[in-house]
Amino acid sequence: MSRKTNFVFKVLQVVSWIIFVGLCIQAGGFIFNTVFTLLLNPAGASKFWTEVDLSALYHFNQSHYVTLTVLMCIVTVLKAVLFYNVVLVFHSNKINLAQPFNQFLKKFIDLVAIISFGIGLFSLWGAGFTKNLMDDGLQMPNIADLSFGGGDVWWFTSVILLVIGQIIKKGIEIQQENELTI
């Protein structure tokens with residue numbers, strides 16, 4: 001690899017690590033606050049992880065509170081898993097720019113597409129659940145503050161990644177044919 005490409009890879013690796021660690025902290029905070037509020041101190045709902053006030057929801061219906069916070073946890077854990085896989089790709093040394101189309105890359109793209117679809121699914125579910133609660137007259141925080149923003153974008157991303165995966169699959173076939181002819 002050239003020096004510039006190597007530098008870009010290192011920068012992307014550092015940025016991926018920072019995002020991964022941040023998402024792990026956020027997911028851990030959501031999980032801890034949910035358990036803490038349910039088992040030890042119901043007042044914890046008023047100052048949830050990112051200063052989001054879910055106390056009205058907690059006092060309205062605890063099962064709705066559990067449903068919403070579990071959806072928040074699922075979305076952030078899936079985002080952390082996504083970036084964990086990105087970090088693994090950088091550390092695996094299986095990226096070969098001389099022969100970029102390989103089975104490892106195809107599996108990685110497919111995995112990222114599936115995780116993106118899951119993030120979109122649970123984000124849209126959480127956004128819809130929050131909207132229904134707001135329609136019932138409950139004061140709720142902004143959907144973006146609950147980590148549910150952009151569910152449709154995650155679905156769009158998963159479809160694009162599936163298309164890219166099919167292109168890579170065709171690239172693998174062409175690359176193998178070229179190896180056989182040479």
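## Serine 147 and its loop

Serine 147 sits in the loop that links H4 to helix H5 (151–181). This is a predicted model. Within it, serine 147 is buried, because its relative accessible area is 8%, and the cut-off for burial is under 20%.

The side chain of serine 147 makes a polar contact with the side chain of glutamine 26, at 3.2 Å. The backbone of serine 147 also deserves a look. Most residues other than glycine have a negative phi. Serine 147 is not a glycine, yet its phi is positive, at about 70°.

## Helix H3: span and end

Helix H3 covers residues 62–92, 31 residues in total. From first C-alpha to last, H3 reaches 44 Å.

What happens to the backbone just after H3? Asparagine 93 takes a positive phi there, of about 60°. Lysine 94 belongs to the loop between H3 and H4. Lysine 94 is partly exposed, since its relative accessible area is 49% and exposed means over 50%. Lysine 94 and leucine 105 are 11 residues apart in sequence. Their C-alpha atoms are 8.3 Å apart in space.

## Residues along H3

Cysteine 73 lies in helix H3. Is cysteine 73 buried or exposed? Its relative accessibility is 11%, so cysteine 73 counts as buried. Between cysteine 73 and leucine 146 there are 9.8 Å in space, C-alpha to C-alpha, although the two are 73 residues apart in sequence.

Asparagine 85 is also part of H3. With a relative accessible area of 14%, asparagine 85 is buried. A polar atom of the asparagine 85 side chain lies 2.9 Å from the backbone oxygen of valine 81.

Serine 92 counts as partly exposed, at 25% relative accessibility. Its side chain reaches the backbone oxygen of valine 89 at 3.0 Å. Serine 92 and aspartate 152 are 60 residues apart in sequence. In space, 31 Å lie between their C-alpha atoms.

## H3 against H4

Two packed helices are described by the angle between their axes and the distance between the axes. For H3 and helix H4 (residues 103–135), the angle is about 160° and the axes are 9 Å apart. The angle makes H3 roughly antiparallel to H4, because angles over 145 degrees count as roughly antiparallel. The crossing of H3 and H4 is left-handed. Which residue classes form the contact of H3 with H4? The contact has 19 nonpolar, 9 polar and 1 charged residues.

H4 itself has 33 residues. It reaches 48 Å from its first C-alpha to its last, close to the 48 Å expected at 1.5 Å a residue. Just after H4 comes glycine 137, with a positive phi of about 95°.

## H1 against H3

Helix H1 spans residues 3–39 and packs on H3. The angle between H1 and H3 is about 155°, and their axes are 8 Å apart. H1 and H3 are therefore roughly antiparallel to each other. Their crossing is left-handed. By class, the contact of H1 with H3 has 22 nonpolar, 9 polar and 1 charged residues.

Leucine 38 has its place in helix H1. At 33% relative accessibility, leucine 38 counts as partly exposed. Leucine 38 is 99 residues from glycine 137 in sequence. Their C-alpha atoms are 23 Å apart in space.

## Overview

H3 packs with H4 at about 160° and with H1 at about 155°. H3 is roughly antiparallel to H4, and H1 and H3 are likewise roughly antiparallel. Cysteine 73 is buried, and asparagine 85 is buried, whereas serine 92 is partly exposed. Serine 147, in the loop between H4 and H5, is buried and joined to glutamine 26 by a side-chain polar contact.

Conventions. Residues numbered from 1 in each chain as written. Predicted model: local features only at pLDDT ≥ 70, side-chain atom pairs only at ≥ 80, totals over all residues. Heavy atoms only, no water. Helix = DSSP H or I, 4+ residues; strand = E, 2+ residues; numbered from the N terminus. Expected span 1.5 Å × (residues − 1). Axes fitted to C-alpha atoms, helices over the stretch in contact; angles between N-to-C directions. Parallel < 35°, antiparallel > 145°, perpendicular 65-115°, else oblique. Left-handed = near helix turned anticlockwise from the far one by under 90°. Nonpolar A, V, L, I, M, F, W, Y, C, P; charged D, E, K, R; others polar. Buried < 20%, exposed > 50% of the residue type's maximum accessible area, 1.4 Å probe, protein only. Polar contact = N/O pair within 3.5 Å; in protein donor to acceptor, adjacent residues only side chain to side chain.
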